[in-house]
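The following note collects points for a colleague's reading of the model. They proceed from the overall fold to individual residues.

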Amino acid sequence: MKALVYLGKASMAYQDVAEPQAGFGEVILKVEACGICGSDMHGYHGYDARRVPPMIMGHEMSGIVETGAMAGRRVTVNPLLTCGTCTECLSGAPQLCEEQRNIGLPPHPGAFSDRVVVPEANLVQIPDHMDFGTAALSEPVAVSYHAVQIGIKSLRRPLSAAKVVVLGGGAIGLATALVAISQGAEAVMLGEPSTRRRATASRASNAIVAYDPDGPEAPAAASVDLILDAVGAMATREASFKMARRGATIVHLGLLPGAEGVDVRRLTLGEIAFVGSYCYSMADFRETVALLGSGRLGALNWVETRPMTHGAEAFSDIDRGDVDAAKIVLIN
């Protein structure tokens, strides 16, 4: 079969690889679509020691099951691999499993390929009307859905009455804004320094107010009820604490390293909740599939599809910033 193989720093090639073999509890998935994640780009740049070339990345997948009891079904896949027996797994929070691993990280080849082996228990059937490109968004949008649900639980007022800000206009940030709107937010301010990304976010929904964090439209100090930081850098943490009003909630879902920018004194005196959000539960994942199927996230005009055969070029274009879309999904 063919696959898009990571060969080393900034090097990808579409080439022949061995056919996968399913083991106990696993099935073969014929991959129809797979999105390029920021973590895939992190590996592409050579920043992730876990991604050892040559390897096949890709975990935002959809396709048709070829083996097992669900053969012929159209599905997306929860790519989290967990033990299934620890307290967190049994309590419905498998993303917190100490043994959590991912499809698309060694030793589990990913879905930038014709076929991939996945656990049968991780399959989620998609509606008949949902195209595979949309279904491949289930994984990244589930990250956003989980973060918004954490924020809602911590808010001191209904989401519809809250002032909401998302920091970061990449795929996760934009999806987070759209999910917040679908859950009742009247409007969402989205902070993003890139002019192109702000334009993409504005096109995605009339309820998104995209602004330059360094411009005059940035939220006033102590004015925001819910901040969702989809970047996780020192600058966005500083901005979060500055704009948070007393009693506000900051949900931190960016994965950049470091702790600078956390204002502990302001957190304490203002009773500000500073909460982490990581991945999603299986319930979040299934609810996200339903949300995407409902059309409540809009036209999804922030997503671009390209052939898997042109995947190396797609990675290169993203690396250069030569892409207007917030997400590229590769199609077989």
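1. A residue is called buried when its relative accessible area is under 20%. Ser 281, at 8% relative accessibility, therefore counts as buried. The residue sits in the loop that runs between β15 (273-276) and α9 (282-294). Leaving aside residues up to four places away in sequence, Ser 281 touches Gly 92, Pro 94, Gln 95 and His 146.

2. The model under review is predicted. It contains 10 helices and 17 strands. The radius of gyration is 20 Å, in agreement with the value near 20 Å that a compact globule of 332 residues would have. Along the principal axes, the C-alpha atoms fill a box of roughly 55 × 45 × 40 Å.

3. Of the 332 residues, 51% count as buried. Among contacts with a separation of 6 or more, 68% are between residues 24 or more positions apart. The accessible surface amounts to about 14300 Å², and carbon and sulfur atoms contribute 53% of that area.

4. As to charge, the protein carries 28 positive and 35 negative side chains. The centres of these two sets are 5 Å apart.

5. Helix α5 (residues 171-182) spans 16 Å from its first C-alpha to its last, close to the 16 Å expected for its 12 residues at 1.5 Å a residue. The helix is mostly covered, with 10 of its 12 residues buried. Among the buried residues are Leu 174, Leu 178 and Val 179, as well as Gly 173 and Ser 182. After α5 comes Gly 184, which has a positive phi near 125°.

6. Most residues other than glycine have a negative phi, and most peptide bonds are trans. Which peptide bonds are cis in the loops of the model? Another joins Pro 106 and Pro 107, with omega of about 10°, and Pro 107 lies in the loop between β7 (101-102) and β8 (115-119).

Technical notes: Residues numbered from 1 in each chain as written. Predicted model: local features only at pLDDT ≥ 70, side-chain atom pairs only at ≥ 80, totals over all residues. Heavy atoms only, no water. Helix = DSSP H or I, 4+ residues; strand = E, 2+ residues; numbered from the N terminus. Rg over C-alpha atoms; globule rule 2.2 N^0.38 Å. Buried < 20%, exposed > 50% of the residue type's maximum accessible area, 1.4 Å probe, protein only. Contact = heavy atoms within 4.5 Å. Areas by Shrake-Rupley, 256 points an atom, 1.4 Å probe, with all protein chains shown as cover. Lys, Arg positive; Asp, Glu negative; His and termini not counted. Charge placed at Lys NZ, Arg CZ, Asp CG, Glu CD. Expected span 1.5 Å × (residues − 1).
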